[in-house]
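Here is a friendly briefing to read with the model open beside you. Take a look at the chain first, then work through the points below.

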Amino acid sequence: TAPSPAEPPSSSPSDGSYVDGLKSAGLKDLSVEEIISLKIHEVTPEYIKAMRRDGFDPTIHDLIAMKVQGISPEYVHDVRATGINPVMHELIAMKVQGISPEYVRDMRAAGLNPSIHDLIGMKVQGITPEYVREMKSMGLEPIDPHELISMKVQGIDPEYVRAIRATGLNPSLHELISMRVQDVTPEYIRTLKSAGLTDLQ
């Protein structure tokens, strides 16, 4: 028969086994609230042990944060296989921003060697491998992650570069960023030239 509704949930064998499993995974002296929170977020003893095998020493908050973001042992292994070894908070930040092992590999294939911080910054700004290749194809090299982030923040795209060059100017990467910061448009350059400033370079 079904247990009485008045029976405390903690008295069920499954819950007792869950608490025992948490203890076997190294989580001792847990409060009722902590046990409930771990259970709600489906943090299993097996998950805790797997994360510890991977070299992490997560707190309860860490475990819940990793589980909420869908960080699996497979994700950890796949990320490490790209040659980077993020610490726990970096791993969580990467997953929050949707950084996949493929993204890391694609950025390297595009000619970059980004740090974990660079990868997070580029993903936040929506920088894709295609954007990197486009910028490089326009001769904007050498180019590094910090410059790419600055360019993307300022809204520099291939169209802007082509439009500026169509005025007869051929600014460097740093000059393009400075021009964009100061809202220098192709129309403004043409206005200056029509006013007699023909020696702009």
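Helices (H or I, at least four residues) and strands (E, at least two) are DSSP runs, numbered from the N terminus. On that basis the protein chain reads α-α-α-α-α-α-α-α-α-α-α-α-α along its sequence, with 13 helices and zero strands. This is a predicted model, in which local features need pLDDT of at least 70, side-chain atom pairs count only at pLDDT 80 or more, and totals for chains, interfaces and linings use all residues. Residues are numbered from 1 along each chain as its sequence is written, and side-chain values use heavy atoms, leaving out hydrogens and water.

**Confidence**
- pLDDT, the predictor's confidence in each residue from 0 to 100, averages 90 over the protein chain, and 90% of the residues score at least 70.
- Residues 1–14 stay under 50 in pLDDT, and the model gives them two contacts beyond four places in sequence (contact means heavy atoms within 4.5 Å).

**Overall dimensions**
- The C-alpha atoms of the protein chain fill a box of roughly 90 × 35 × 30 Å along the principal axes.
- The radius of gyration, taken over C-alpha atoms, is 26 Å, whereas a compact globule of 201 residues would have one near 17 Å (the globule rule is 2.2 Å times the number of residues to the power 0.38).

**Packing**
- Of the 201 residues in the protein chain, 39% are buried (under 20% relative accessible area, with a 1.4 Å probe and protein chains only).
- Among contacts with a separation of 6 or more, 47% join residues 24 or more positions apart.

Definitions and conventions:
Buried means under 20% relative accessible area, exposed over 50%, partly exposed in between (1.4 Å probe, protein chains only).
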